[in-house]
Amino acid sequence: TLGRVLAVPSMPEAMLASLTVLTSIDILVAYLPAYGEANAIPVEVIGLLLATRAGASLASRLLMMPLTRMLGRRRLLAASMFLPAAALLPVPLVTSEPLLFAAMLFIGFGLGLGQPLTLSWVASRAPLEVRGTALGVRLSGNRLGQLVLPAAVGAIAGWGGLAAIFWTLTALLGLAATLV
C-alpha cells in the first residue's frame, strides 16, 4: 500500500513539502532565541517575533480559500514556501527589530499555509481506498523530518554558525517549492 501511495503522481512532492514546512517552523522556533542571544536582542523581542510569526500563520489560514481559488493549490503552495525562503535569507544579516518583525510576518504567512495545503493535496490525490494510508504516510514523513532535519541543521550550524541555519532553511524551502 505504501508503494501505491507514493506512486500517485505528485504525492512525493506533497510529502516533501509537508515535512519541509513543518520542520522549518520547528527549527526557526528552536534557533531564533539563539540568534537573539548572539545579537543581543532581548528575550522579550524574540518572544514577540515568534508570536508575530504565529499570528501571521493564523492570518494566512483565514485567507487560504480565496488565495487557493485565485492561484490554485500547487501555485499557492510553491509561493507559500518561496515567500518564507526569501524572508529567511537576510535574517542572519539583520539586527534591526522592525526588519525582523517584517521578516516574521512574511515567514509566518507563508509557513502557515503549507500544512493545510499539503494535507488537502494528499487527501484529494490519494485514491479513496488508500486515503487513510496516504495521510498516515504524510504524518510519518513529518515525524521523520522532525527527527532528521533538526539534527542535520544542527550539524551544519556547528560547522557554519547560526547564519547557516537560516540559509539552510532557505535552501530547503526553495528546493521543496521548486519541486512542487
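Is Ala-123 buried, exposed or partly exposed? Ala-123 is partly exposed, with a relative accessible area of 21%. Here buried means under 20%, exposed means over 50%, and partly exposed lies in between, with a 1.4 Å probe and protein chains only.

Before going on, a word on the source. This is a predicted model, in which local features need pLDDT of at least 70 and side-chain atom pairs count only at pLDDT 80 or more, while totals for chains, interfaces and linings use all residues. Residues are numbered from 1 along each chain as its sequence is written, and side-chain values use heavy atoms, with hydrogens and water left out.

Back to Ala-123. This residue sits in helix α6. Apart from neighbours within four places in sequence, Ala-123 is in contact with Arg-131 and Leu-135; contact means heavy atoms within 4.5 Å. Ala-155 is 32 residues from Ala-123 along the chain, and their C-alpha atoms are separated by 34 Å.

Now the whole chain. The protein chain has 8 helices and 0 strands. Helices are DSSP runs of H or I with at least four residues, strands are runs of E with at least two, and both are numbered from the N terminus. The radius of gyration is 17 Å, close to the 16 Å that the globule rule gives for 180 residues, so the protein chain is as compact as a globular protein of that length. That radius is taken over C-alpha atoms, and the rule is 2.2 Å times the number of residues to the power 0.38. Along its principal axes, the C-alpha trace spans about 55 × 35 × 25 Å. Of the 180 residues, 46% count as buried. Among contacts with a separation of 6 or more, 82% come from residues 24 or more positions apart.

The largest nonpolar core has 52 residues, and Leu-32, Met-81 and Ile-107 touch the most other members. Such a core is a set of buried Ala, Val, Leu, Ile, Met, Phe, Trp, Tyr and Cys residues joined through side-chain atoms within 4.5 Å. Which helix gives the most to this core? The answer is α2, with 11 residues. Met-81 touches Ala-17, Val-21, Leu-173, Ala-176, Ala-177 and Val-180, leaving out residues up to four places away in sequence.

Last, the surface. The protein chain exposes about 8,500 Å², and carbon and sulfur atoms supply 72% of it. These areas come from the Shrake-Rupley method with a 1.4 Å probe.
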